[in-house]
Amino acid sequence: MKTIQDDRLPVWLPRLTARGGPRFLQIADALQAAMADGSLNPGDRLPPQRHLAAQLDIDLTTVTRAYDEARRRHLLEGRGARGTYVAAPKVELAPVLDLSMNTPPPPDGVDFEDMLKQGLSQVLMRADAALLMTYHLGGGSVSDRKAGARWLEPMMGRLDPEMIAVCPGAQAAIAALILALTKPGDVILAEPMAYPGLRTAATQFGRRIVAVDSDQHGMLPEMLEQACQQYQPGLVYLNPTLQNPTTLTVPEHRRKDLARIARRCNVRIAEDDPYWLLAEAPPPPVATFAPEHVCYISTLSKCLTPGLRVAFVLIPDLQLRERFLIALRSFALMVAPLNAALATQWIFDGSATGLMEGVRKEARLRQGMARDVLAGRNRGEGEGLHAWLELPSYWSSSMLARVADSEGVAVTPAEAFATGGGAVNAIRLSLGSIKDRARLQAGLQRLSDLLSRRPESFSTAVV
């Protein structure tokens, strides 16, 4: 790095002329030309403004305007008392349009920052700060479990808070149920397409997932019964409302049939139901038809915000609940007390309901955008946070995901969700992770344009 501060005119600065236009622009233009030809490099220090003004015999204001203009062009950067330096070239990075992460969209009319400040303020006024910063065992405080009962009331009716465990997210709840209800080598039954976190946890714990055939109404009861007899599974995993990834909602008659099979085969069901509150008039949970055989999971990550890391698990069997908590403590000692207290505050003061209704409204608006842009390619339900896009035969889901990524759009191929027997030819589009609607529309349009072309029209290096 060179410093330019002697009494001679800088080598990069030609003599100012009366016919060269405003002097401040001549100086800024000279800076830009010197950076282009290498006379100046990023990190070079420029003369102080007063020093340069004296060298050029011009007033300080002209030099100040020149440096300001150079900053406007992103040529210079100030470093406080250390002076003014040549800036590194500004690189325009086109951000990836992320349609792969299933998060709730930011709702209109909800000031989330203010809601967060108000909620934390109330928590700190009403709670002992020391208790918020220490260990909590037993699946949540009494207040947190009561908040869980309040949150689950629309799905399950009035509940005893003692049947509820507070967990650091649904993934932790699923993992703890696997540990509590199965042993290494056991089979877990699931639909052919299921939440990828299930497969991740099962693989880590040495369990095996077996896919049970499904139809347009969900898992087939007769095939579930057959699989129970054949494999003696420790657990059945269901995601019956706006299923991830297919968006299928299992109708009530099928839920009753699955509950009947669970009772007959004496098998436990983990009912992962993050989207129930986002659906329009969803059927009652499977847990309402076989409460003694179903552990019901409801996370706040999909209806409110994933940053809370709070989920409620309904486990009516108190002995199983204790086994569950022991398993949970083996890898995730507790939900962060401050997070749980904030979630509890929001649930009791109505903020959670307001935020959830805003998320639901925004999600439906975005589903409409997806239907319009994708022109009939979207085959899923018109609710929830994601869409399920069946692909034309000339595209495979993995190939489209690679090409879309090269075009700056991230999507999730069906293979990520397959539990066995091969994946269907489709991709999941998450509609909430892009905050700005215009950018979401741009991502959907870019994807639609890709689908209108054949893979051979792209570089073989990508395909």
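**Helix packing, backbone exceptions and an enclosed cavity**

The elements covering the buried residues of helix α9 include β5, β8 (218-219), β9 (235-238) and α10 (252-265). The structure is a predicted model, in which local features need pLDDT of at least 70 and side-chain atom pairs count only at pLDDT 80 or more, whereas totals for chains, interfaces and linings use all residues. Residues are numbered from 1 along each chain as its sequence is written, and side-chain values use heavy atoms, with hydrogens and water left out. Helices (H or I, at least four residues) and strands (E, at least two) are DSSP runs numbered from the N terminus. Buried denotes a relative accessible area under 20%, exposed one over 50%, and partly exposed the range in between (1.4 Å probe, protein chains only). Contact denotes heavy atoms within 4.5 Å.

Helix α9 spans residues 221-231, and its buried residues are Pro221, Leu224, Glu225, Ala227 and Cys228. These residues lie on the same side of α9, because they cover an arc of only 165° around the axis; the arc is that of the directions from the helix axis to the C-beta atoms. The face turned away from this buried side carries the exposed residues Gln229 and Gln230. After α9 comes Gln232, which has a positive phi near 50°.

Strand β5, one of the elements covering α9, comprises residues 187-190 and includes Val187. Val187 is classed as buried because its relative accessibility is 4%. Apart from neighbours within four places in sequence, Val187 is in contact with Arg208, Val210, Tyr231, Pro233, Gly234 and Leu235. The C-alpha atoms of Val187 and Gly206 are 9.6 Å apart in space, and the two residues are separated by 19 residues in sequence.

In α2, the buried residues are Leu52, Ala53, Gln55 and Leu56. Viewed down the axis of α2, they fall within an arc of 160° and therefore line one face of the helix. Their packing partners are α1 and α3. Arg50 and Ala54 are exposed on the other side of α2, and the helix is followed by Asp57, with a positive phi near 60°.

Most residues other than glycine have a negative phi, and most peptide bonds are trans. Several exceptions occur in loops. In the loop between β9 and α10, which contains Pro245, a cis peptide bond with omega of about 20° joins Asn244 and Pro245. Thr247 is found in the loop between β9 and α10 as well, and has a positive phi of about 70° although it is not a glycine. Thr247 is buried, since its relative accessible area is 1%. Ala281 lies in the loop between β10 (269-272) and β11 (294-299), where its phi is positive, near 50°. Ala281 counts as exposed because its relative accessibility is 69%.

Rolling a probe the size of a water molecule over the atoms shows where empty space is left. A cavity is defined on a 1 Å grid over the protein atoms alone as a set of points where a 1.4 Å probe fits but cannot get out, and lining residues have an atom within 4 Å of a point. Grid points are joined across faces, edges and corners, and a volume is the space filled by probe spheres set on the points. One cavity of 30 Å³ or more was found in the whole structure, and the largest cavity holds about 110 Å³ of space. Of its 16 lining residues, His136, Gly139, Gly140, Met334 and Val335 are the closest to the centre. Two or more lining residues are contributed by each of α11 (318-329) and α12 (337-349), with α11 providing the largest share, three residues. The lining comprises nine nonpolar, five polar and two charged residues, where Ala, Val, Leu, Ile, Met, Phe, Trp, Tyr, Cys and Pro count as nonpolar, Asp, Glu, Lys and Arg as charged, and the others, Gly among them, as polar.

Conventions: 1 Å grid on protein atoms, 1.4 Å probe; cavity = no way out; pocket = protein on both sides within 12 Å on 5 of 7 lines; lining within 4 Å.
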